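Colleague: I would like to learn how to read a fold from its coordinates. Could we go through one example together?

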Amino acid sequence: MHEQHPDESRRVRQSLLGGQHPFAVVLGCVDSRVPPELVFDQGLGDLLTVRSAGEVLDRAVVGSIAYGVLELGIPLVVVLGHQSCGAVAAAVHAEAGGDPLPGPLRYLAEQIRPAVDPGAATDARVDAAITTNVRRVASRLALVPELAARVAAGSLAVVGARYQLGSQQVHRLT
């Protein structure tokens, strides 16, 4: 694929002074290798991006996503996980009884822990937990009452996806 790098011109920047009309909210990880605008080859004003380590949900993250859906009328929320997620790997390591994580990282690991299958081998456990975490976060978002009403009405889709660092491909999770 040849990237287009759309919507970066001075004219587009000027047109965005009057407001924004993104077509999707993307909840992604803070990993510097996975900026949603570059992953999806989108430009200014195209995506409303929210990022937290391991796509962990808290009140600010949910509020930011709800802002995009409720105030801007965005019809699509994508939860974007990625290969080799350090936050998920830390949660797997903590679950396996590794060294205790510092306080703020413990919070992240605790939020990701329900996605960890303790019976799998370590590498497979991290890989599976990445996918399970994305599905779990997408499901939780779809149950937020204000978002659930729009999902039920058919005006909002909440989907999970996974980015492969090596191939630079995004795969929708079903």
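This is a predicted model: local features need pLDDT of at least 70, side-chain atom pairs count only at pLDDT 80 or more; totals for chains, interfaces and linings use all residues.

Colleague: Which strands pair in the parallel sense over seven bridges?

Modeller: Strand β3, residues 76-82, and strand β4, residues 157-164.

Colleague: In what order do the five strands of the open sheet come?

Modeller: To read a sheet, follow the pairing from strand to strand. Here the order is β2-β1-β3-β4-β5, with mixed pairing. At the edges are β2 (47-51) and β5 (169-173), each of which pairs on one side only. From one strand to the next the twist averages 30 degrees.

Colleague: Which strands does helix α3 touch?

Modeller: For a helix on a sheet, look at its contacts and then its direction. Helix α3 (residues 59-71) packs on the sheet and touches β1 (24-28), β2 and β3. The direction of α3 makes about 170 degrees with that of β2. Helix α6, residues 122-142, lies across β1, β3, β4 and β5 and runs at about 160 degrees to β4.

Colleague: How far does α6 reach from its first C-alpha to its last?

Modeller: Its 21 residues reach 30 Å, close to the 30 Å expected at 1.5 Å a residue. The buried residues of α6 include Arg 125, Asn 133, Val 137 and Leu 141.

Colleague: How many residues are in the largest nonpolar core?

Modeller: It has 19 residues, and Leu 27, Ile 65 and Leu 141 have the most contacts inside it. At least two residues of this core come from each of β1, β2, α3, β3 and α6. The most come from α6, which gives four. Take Leu 27 as a case: beyond its neighbours within four places in sequence, its contacts include Val 50, Val 61, Ile 65, Val 78, Val 137 and Leu 141. Another core, of 16 residues, lies apart from the largest one, and Ala 87, Val 92, Leu 101 and Leu 108 are among its members.

Colleague: Is Gln 168 buried or exposed?

Modeller: Gln 168 has a relative accessibility of 54%. The cut-off for exposed is over 50%, so Gln 168 counts as exposed. Ser 84, at 44% relative accessible area, is partly exposed.

Key
Residues are numbered from 1 along each chain as its sequence is written. Side-chain values use heavy atoms; hydrogens and water are left out. Two strands pair if DSSP finds at least two bridges between them. Axes are lines fitted to C-alpha atoms, for helices over the stretch in contact, and angles run from 0 to 180 degrees between N-to-C directions. Contact means heavy atoms within 4.5 Å. A nonpolar core is a set of buried Ala, Val, Leu, Ile, Met, Phe, Trp, Tyr and Cys residues joined through side-chain atoms within 4.5 Å. Buried means under 20% relative accessible area, exposed over 50%, partly exposed in between (1.4 Å probe, protein chains only). The expected span of a helix is 1.5 Å times one less than its number of residues.
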